[in-house]
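Here is a briefing on helix packing and selected loop residues. Please read it alongside the sequence and the model.

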Amino acid sequence: MILNTFNLQDKVAIVTGCNTGLGQGMAVGLAQAGCHIIGVNRSDATETQALIESLGRRFLGLHVDLARTEDIPGIIDKAVSEFGKIDILVNNAGIIRRNDAIDFSAQDWDDVMSVNLRTAFFMSQAVARQFIAQRSGGKIINIASMLSYQGGVRVPSYTASKSGLLGLTRLLANEWAHENINVNAIAPGYMETNNTEALRCDEQRSREILDRIPAARWGLPEDMMGSVVFLASRASDYVNGHSLAVDGGWLAR
Ligand code: NAP
């Protein structure tokens, strides 16, 4: 029956950047659907761990700086030795730097591109190799942005990374669909997290943004739950290279 295809009982999901914000919302949503979670963060994910364990699911927290890719093999090894398999990867960890393009530094370019795009690719590659070795297929969900579609202002490396991530989602979907690996993206709109704190503190920008959102509110981490469960589940087995906007209507406007 259709609702059973959304059930993720005992699936194993890696969620990067899940100690707060959208990553935490998605990790909890996946756990509510039945997943055990491997959380990859620089800092402690104590709160997320407690939320997931209170649902009776297991949580393995790994401390990794995703600005570099050297630790990726260790993430896969620990996941497999602890849980025996991997079923789902959510490439959520991301950073943003704001400055006028005319003054933007090479450091702010490289830092953002490394976490948001380079690491997302090499995490996907490592997890896809594991899916292929398992002969299980699997699900990869990249967290894109409105700036995968639009230019934005004062965030050149962020726009480049998120536009690139959407292209990469399509390429990986094409290459790996025949291995029963689904690669898709979720493009959040303007959500209430640390990432948008500076925008929300700027009264004028905050009002301009809110006025443009048809749903008339900023999004919340729990708004991501339904989409991530869908894209992680059998219900989306014939969905490849798609980007699902969770944006209160922003892109439709
Ligand atoms: P957030 O609250 O700032 O969370 C970012 C997460 O990424 C944190 O868990 C952070 O962990 C992790 N992270 C960052 N750099 C890392 C690194 N080098 N190594 C390991 N983990 C790292 O932001 P958010 O809004 O939830 O963003 C989550 C994703 O959604 C990002 O990809 C963001 O671009 C995207 N997004 C957000 C919005 C929005 O409106 N909020 C809109 C569109 C897309 P640490 O605390 O350990 O650094």
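**Helix packing and loop residues**

H4 and H5 are roughly parallel to each other (an angle under 35 degrees; over 145 is roughly antiparallel, 65 to 115 roughly perpendicular, and the rest oblique). This is a predicted model: local features need pLDDT of at least 70, side-chain atom pairs count only at pLDDT 80 or more, and totals for chains, interfaces and linings use all residues. Residues are numbered from 1 along each chain as its sequence is written, and side-chain values use heavy atoms, with hydrogens and water left out. Helices (H or I, at least four residues) and strands (E, at least two) are DSSP runs, numbered from the N terminus.

**H4 with H5**

- The axes of H4 and H5 cross at roughly 15° and come within 8 Å. Axes are lines fitted to C-alpha atoms, for helices over the stretch in contact, and angles run from 0 to 180 degrees between N-to-C directions.
- On the H4 side, the contact residues include Trp109, Val112, Met113, Leu117 and Phe121. On the H5 side, they include Pro156, Tyr158, Leu165, Leu168 and Trp176. Contact means heavy atoms within 4.5 Å.
- By class, the contact of H4 with H5 has 14 nonpolar, six polar and two charged residues. Ala, Val, Leu, Ile, Met, Phe, Trp, Tyr, Cys and Pro count as nonpolar, Asp, Glu, Lys and Arg as charged, and the others, Gly among them, as polar.

**H1 with H2**

- Helix H1 covers residues 21-32 and helix H2 covers residues 46-53. Their axes come within 9 Å and cross at roughly 15°.
- H1 and H2 are therefore roughly parallel to each other.
- The crossing of H1 past H2 is right-handed.
- Gln24, Ala27, Val28 and Ala31 of H1 meet Glu47, Thr48, Leu51 and Ile52 of H2. This contact has five nonpolar, two polar and one charged residues.

**H1 with H8**

- H1 packs against H8 at an angle of about 55°, with the axes 9 Å apart. That makes H1 oblique to H8.
- H1 and H8 also form a right-handed crossing.
- H1 contributes Gly25, Met26, Val28, Gly29, Leu30 and Gln32, which meet Met225, Val228, Val229 and Ala232 of H8. These residues divide into seven nonpolar, three polar and no charged.

**Buried loop residues**

- Phe104 sits in the loop between strand E4 (88-91) and helix H4 (106-134). Phe104 is buried, with a relative accessible area of 15%. Buried means under 20% relative accessible area, exposed over 50%, and partly exposed in between (1.4 Å probe, protein chains only).
- Leaving aside neighbours within four places in sequence, Phe104 is in contact with Arg97, Asn99, Trp109, Pro156 and Ser157.
- Phe104 and Gly29 are 75 residues apart along the chain, and their C-alpha atoms are separated by 37 Å.
- Ser145 sits in the loop between strand E5 (138-143) and helix H5 (156-176). Ser145 is buried at 7% relative accessible area.
- A polar atom of the Ser145 side chain lies 2.9 Å from the backbone nitrogen of Leu147.
- Not counting residues up to four places away in sequence, Ser145 touches Tyr158, Lys162, Ala187 and Pro188.
- Ser236 sits in the loop between helix H8 (225-232) and strand E7 (243-246). Ser236 counts as buried, at 0% relative accessibility.
- The Ser236 side chain reaches the backbone oxygen of Phe230 at 2.8 Å.
- Ser236 touches Lys139, Asn182, Phe230 and Leu231, not counting residues up to four places away in sequence.

**Positive phi in loops**

- Most residues other than glycine have a negative phi.
- Arg154 is not a glycine, yet its phi is positive, near 65°. Arg154 lies in the loop between E5 and H5. Arg154 is partly exposed, with a relative accessible area of 40%.
- Asn180, also not a glycine, has a positive phi of about 60°. Asn180 is found in the loop between H5 and strand E6 (181-188). Asn180 is exposed, with a relative accessible area of 57%.

Key. Left-handed = near helix turned anticlockwise from the far one by under 90°. Polar contact = N/O pair within 3.5 Å; in protein donor to acceptor, adjacent residues only side chain to side chain.
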